Amino acid sequence: MVSANIFHCRKHSWPPEEYINRTTLHLLDFDSAAPPEQAWRRRLNSHANILKEFSVTFTEAIKMIRLGIRLWSYIREEASQGRKAPIDPFTRETCKPSASQGVPLGGMGSGSISRGFRGEFRHWQIVPGTCDGSPIMANQFSIFISREGGNKKYASVLAPGQHEGLGKSGDQGISSWGWNLSGQHSTYHALFPRAWTIYDGEPDPELKVSCRQISPFIPHNYRDSSLPTAVFVYTLVNTGKERAKVSLLFTWANSIGGISHLSGDHVNEPFIGEDGVSGVLLHHKTAKENPPVTFAIAACETQNVSVTVLPSFGLSEGSHITAKDMWGKMVQDGQFDRENCYSGQSMPSSPGETLCAAVSASAWVEPHGKCTVAFALAWSSPKVKFLKGSSYHRRYTKYYGTSERAALNIVHDALTNYKQWEEEIEKWQSPILRDDRLPEWYKFTLFNELYFLVAGGTVWIDSSLPATSSKNSLHQSAAVENTNVNVTVAKGNSRRGAAVENSVTDGYDTTSRKGLEYDEEEIHTRNTCEEKPVIAQESNSHHSIHKDTLKDPQDETDDVGRFLYLEGVEYIMWCTYDVHFYASFALLELFPKIELSIQREFAKAVLSEDGRRVKFLAEGNWGIRKVRGAVPHDLGTHDPWHEMNAYNIHDTSQWKDLNPKFVLQVYRDFAATRDFSFGADVWPAVRAAMEYMEQFDRDSDGLIENDGFPDQTYDTWTVHGISAYCGCLWLAALQAAAAMALQLGDKPFAEKCKSKFFKAKLVFEEKLWNGSYFNYDSGSSSNSKSIQADQLAGQWYTASSGLPSLFDDSKIKSSLHKIYDFNVMKVKGGKMGAVNGMHPNGKVDESCMQSREIWTGVTYGVAATMILSGMEEQAFTTAEGIFTAGWSEEGYGYWFQTPEGWTIDGHFRSLIYMRPLAIWGMQWALSMPRAILDAPTINFMDRIHVSPHNARLSHETGVRKIATKAKCFGNSVFHCSC
């Protein structure tokens, strides 16, 4: 239940002492067993309420009825082809979402499994683009304790027994287990990518138990961060007077979620590995010809810890060994028979039968003694198969080969390397956690919002080449050579000025794809450098924290494969670009090479065209899938990279925000990394993207106009004429393009963008500035004067990139104060975030579904803009509304599943969404790299001198070329090894 106190009190600290006895904390204060000072916390007996989804109003439903009919027809058409539509608001999941999420398992891009704060394994995303939220309740940790003298015995699953199907009399399945844990004295503590569960005297009052969950999400580590594995380290402290024999049990069903365990032909196999690692492999045969998956569950045997396994047991009465038999064996002996390790593969399971496995680790714990037991889980599904496209090898196969049996080596390495992972994680997180100037809620929410880079359907492949046949699956994919295919790229509007010439290579054969075409002019790069590049930057003296570099491993190359992540688990589109605009700060800060690789993908996409016809559902009109010069909305759904723009509600080639967002992101990344090879590679696309936008300047005043439909990321919110959102983005893009052109030597184009900027800025301010903020648009509709929370999105990027402010500081601060006073503070006293639209009379703009929503990522972006404008107090108050409503115990229960947004009554839309990663835009504002802060400034009031010779060169052959080998990054987000 949501407490009424959410709108009346604000809590500032969550010390572990409020959740755990001080004595217990002291006893666990070794080997990282105690939870950190800053973490998100819950008691295991906390109620996980069912979440409430938003609904459209009657008026909104009437407006969208034609869209709804066309969308319904499209969804049915896709289903008839065995495919899921990227947007399907009509189908409801069988498992209703609840406030039970916790830190997910694994690294990035290899499939993920989430684990609820009460211990259940749920939200299975092993197959790309699919997510099954139902927990598999056979997957559990359990504990068995017996004391010397035999007077005290305890046996319990280490999770509260609150789910359907338990307690059936005579059941041979998991109902027969000991679901005795109340959770009253057990607590969960989350600081992604780790989590701690503390059992403070449950089930044995004289045994303190800490379970530490560790996943290899390690910034700038492009190897281990791709691994599909997690470690569970149990620390046992015996406070009693007798020795205690403690057996921990890890059970796992051969399943990838849902009812996949019932499909049959699954096989389990015990193994004994090196360094005392023993366990069971669970080979899963997937349905619908998806690539197979192998799980590995294991524990590490030490001098004090004995490991035994049970390779297979079932959940039904007909099983050779039932779940009840298995539990009885553990209660009696605390371990399994040693010979089980040599039993070989099990018989394949029959349809309708559930095949499970178990690993037990037993130890004697002396009176007042301590003991550590480590388990690990790994899964290997080396191939990624898309429904309409090729199969690819996942990133981790570069290091472990392409066999499903790689799970055995991965689980071994997890158990032997997890301490090093923790050292790297703590080194990364400590400076932020120890900064007393930052609010406590912000510190742990900053890290916990990163859950999306694991649980957001991420796919990370090693090579752009299709995977080899299964006959070669034992060979490492690293041995496969990339075939570079020359791709010709578009010149943009070449009549208006020549495009930059540059060599672009692609790792896939474009001739094998219908519809995807490139311009006939091939572009080449000269390795010459004629001018020292400079970068524009404005003083940011109010920033409280600065970093010199974020070091990448020196033995890594620039080839980090290809990376995809979903817009959200309900909006199944890869790398949705208008949303990536907000989320990309996280990747740039933590994995900059991945961020640059995504921008390169979109740069190639800008210069491509796909002439296949598509029906756009909002109006029912037809167009082509991808227009040359337009930034795609996304990289696709069922055939990413080759069939882009899976989004088909509107024709996004007419959207006004995508191209400016591309230019702004590219410039920010270029400014932060100082990677001139990247700059040269993407510059042709930047020019093409800017020139494409000229068609939307209907009256030649330098400023683009919107076209009376929702032609931007707010895709139900209609815009007329000049808009604050798109217009501000356009002004920022003009300035960024000019700055980048100067540094890459294209002075004529820089002068062109500068001239347009000053002309457009005058029009923008004249048409939209009303004395205290910028009007929503220049039209005459009822909401044209609305206060849009996101009206300064362009200024956010301008300041984040070190460029001069778009407007006078007085106008920027006046607009932000207006947003704070109205969009933030007039909604439940600032405890909800910033509502997208607010009328100047203090009433929420209810002209459409999205105007009345509070978008989590937009709120974080507004807060980042406030920080950059010296309004730190208002910034943290604004962002804290998202924490209070979404993450606090008194809130609505959206932890580790932050939605796109919610209504003012807390009803969500689109859980597990990309945009909330924008909280890292706040951190960027607080700690921008020295490459931006220390760069020389450019006075944009100065006219750029363009000689007739340079002007002629630009028109005929493009700009001067920057040496592609000039990769000294200096004080950037990369490490310079010069």
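Is tryptophan 441 buried or exposed, and what is its relative accessible area? In this predicted model, tryptophan 441 has a relative accessible area of 2% and is therefore buried. Its aromatic partner is phenylalanine 883, and the two rings are stacked, at 5.8 Å centre to centre with 25 degrees between the planes. Phenylalanine 883 likewise counts as buried, at 3% relative accessibility. The pair links distant parts of the chain, with tryptophan 441 in helix H7 (residues 440-448) and phenylalanine 883 in helix H18 (residues 872-886), 442 residues apart.

A search of the whole structure finds 73 aromatic pairs. One of these joins tyrosine 392 and tryptophan 641, whose ring centres are 5.5 Å apart and whose planes meet at 80 degrees, so the pair is edge-to-face. Tyrosine 392 belongs to strand S19 (residues 391-393), whereas tryptophan 641 lies in the loop between strand S26 (622-626) and helix H11 (658-673). Both residues are buried. Arginine 562 lies over the face of tryptophan 641, at 4.3 Å from the ring centre. The charged end of arginine 915 sits over the ring of tyrosine 582, 4.8 Å from its centre.

An open sheet is formed by 5 strands in the order S6-S5-S11-S16-S15, with antiparallel pairing. Its edge strands are S6 (153-157) and S15 (305-314), and the twist averages 15 degrees from one strand to the next. Strand S5 (residues 140-147) is joined to S6 by 5 bridges, and isoleucine 145 stands opposite tyrosine 154 in S6.

The mean pLDDT of the protein chain is 86, and 84% of its residues reach 70 or more. Over residues 1-8 the pLDDT is below 50, as it is over residues 468-514.

Terms used: Residues are numbered from 1 along each chain as its sequence is written. This is a predicted model: local features need pLDDT of at least 70, side-chain atom pairs count only at pLDDT 80 or more; totals for chains, interfaces and linings use all residues. Side-chain values use heavy atoms; hydrogens and water are left out. Two strands pair if DSSP finds at least two bridges between them. Helices (H or I, at least four residues) and strands (E, at least two) are DSSP runs, numbered from the N terminus. Axes are lines fitted to C-alpha atoms, for helices over the stretch in contact, and angles run from 0 to 180 degrees between N-to-C directions. pLDDT is the predictor's confidence in each residue, from 0 to 100. Contact means heavy atoms within 4.5 Å. Rings of Phe, Tyr and Trp (its six-membered ring) pair if their centres lie within 6.5 Å; planes under 30 degrees apart count as stacked, over 60 as edge-to-face and the rest as tilted. Buried means under 20% relative accessible area, exposed over 50%, partly exposed in between (1.4 Å probe, protein chains only). A charge sits over a ring if NZ of Lys or CZ of Arg is within 6 Å of the ring centre and within 35 degrees of the ring normal.
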